[in-house]
Amino acid sequence: MSMYLYDDMKEMKDFLAYREEVRRLEGEYLEIRLLLRDAEAQLRVDPESEYLAAKVIYLRKRLKGLESLAPRLAADHPLEIALWAPPHG
């Protein structure tokens, strides 16, 4: 890295594009989790519904697919804790 912002403009564009892709992926993951939560609640009310059962299965598969693309989405602890938190002990 250089000392001046204008020397790193290409790196900055790459970083901004990466950040937008991560935000899109996180947004999609959150949207699917909310849809899954609502579908599971509806399925508990109407357990006989084949449509709702298929919807829950489909949403779970999509969620697993996103988690395989970005395992940090399903991690127990955010990556930021490992990067920025002080060490234990």
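Predicted model: local features only at pLDDT ≥ 70, side-chain atom pairs only at ≥ 80, totals over all residues.
Arginine 23 is partly exposed, its relative accessible area being 46%. Arginine 23 forms a salt bridge with glutamate 20, and the closest N and O atoms of the pair are 3.7 Å apart. Both residues belong to helix 1, where they sit 3 residues apart, about one turn of the helix. In general, an α-helix has 3.6 residues a turn, so residues three or four places apart point the same way. Glutamate 20 likewise counts as partly exposed, at 46% relative accessibility.

The protein chain contains 3 helices and 0 strands, and from the N terminus its elements run α-α-α. Of its 89 residues, 17% are buried.

The structure holds 7 salt bridges. One of them joins aspartate 38 to arginine 37, with the closest N and O atoms 3.2 Å apart. Another links glutamate 40 with arginine 60, at 2.8 Å between the closest N and O atoms. Glutamate 40 lies in helix 1 and arginine 60 in helix 2, so this pair ties together parts that are 20 residues apart in sequence. Both partners are partly exposed: glutamate 40 has a relative accessible area of 23%, and arginine 60 one of 44%.

I turn to helix 2, residues 50–69. At 1.5 Å a residue, its 20 residues should span 28 Å, and the end C-alpha atoms are 29 Å apart, which agrees. At the start of this helix, a side-chain oxygen of serine 49 comes to within 3.2 Å of the backbone nitrogen of leucine 52.

Which residues of helix 2 are buried? They are Leu52, Val56, Leu59, Leu63, Leu66 and Glu67. Viewed down the helix axis, the buried residues fall within an arc of 100 degrees, so they line one face of helix 2. On the other side, Glu50, Tyr51, Lys61, Lys64, Ser68 and Leu69 are exposed.

Finally, the surface. Met12, Phe15, Leu16 and Tyr18 make a nonpolar patch of about 400 Å². Methionine 12 lies in helix 1, residues 9–45, and counts as partly exposed at 33% relative accessibility.

Conventions
Residues numbered from 1 in each chain as written. Heavy atoms only, no water. Helix = DSSP H or I, 4+ residues; strand = E, 2+ residues; numbered from the N terminus. Expected span 1.5 Å × (residues − 1). Buried < 20%, exposed > 50% of the residue type's maximum accessible area, 1.4 Å probe, protein only. Arc of directions from axis to C-beta. Polar contact = N/O pair within 3.5 Å; in protein donor to acceptor, adjacent residues only side chain to side chain. Patch = residues over 30% accessible without salt bridge, like charges linked within 9 Å, V, L, I, M, F, W, Y side chains within 5 Å. Areas by Shrake-Rupley, 256 points an atom, 1.4 Å probe, with all protein chains shown as cover. Salt bridge = Lys/Arg side-chain N within 4 Å of Asp/Glu carboxyl O.
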